[in-house]
Amino acid sequence: MTMAHIAAALLVAWSMQRADASCSALGECLGVALGGLFVRIDTAGAAVPVPRVLRPVGERTQAPPRNSQALAHAVTRRGPPAEPASAA
């Protein structure tokens, strides 16, 4: 039984190695084909629109509300319940 398991493990390892090699080869072929396609599109003069940035990322026009109850029903708290403030 041990020999059967060893043989099965070797067969699976060999087949996975072959599948990995074939997927890598397919990816390389696809990359070359798509790279050539994009170069042809770029040299054909097709203008790619560049998005206009209205404001720098990270800036806010107004701060978000701190103690808003708007989404209180959607909040899931994890861990032990909070201690009451009056516990001494």
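What percentage of the 88 residues of the protein chain count as buried? In this predicted model, local features require pLDDT of at least 70 and side-chain atom pairs pLDDT 80 or more, whereas totals for chains, interfaces and linings use all residues. Residues are numbered from 1 along each chain as its sequence is written, and side-chain values use heavy atoms, without hydrogens and water. The buried share is 0%, where buried means under 20% relative accessible area, exposed over 50%, and partly exposed in between (1.4 Å probe, protein chains only). The chain exposes about 8900 Å², of which carbon and sulfur atoms supply 64%.

The secondary structure comprises one helix and zero strands, helices being DSSP runs of H or I with at least four residues and strands runs of E with at least two. Leucine 37 lies in helix α1, which spans residues 2–43, and is classed as partly exposed because its relative accessibility is 36%.

Cysteine 23 counts as exposed because its relative accessibility is 54%, and cysteine 29 is likewise exposed, at 54%. With a disulfide defined as a pair of cysteine sulfur atoms within 2.5 Å, the count is zero.

How values were computed. Areas by Shrake-Rupley, 256 points an atom, 1.4 Å probe, with all protein chains shown as cover.
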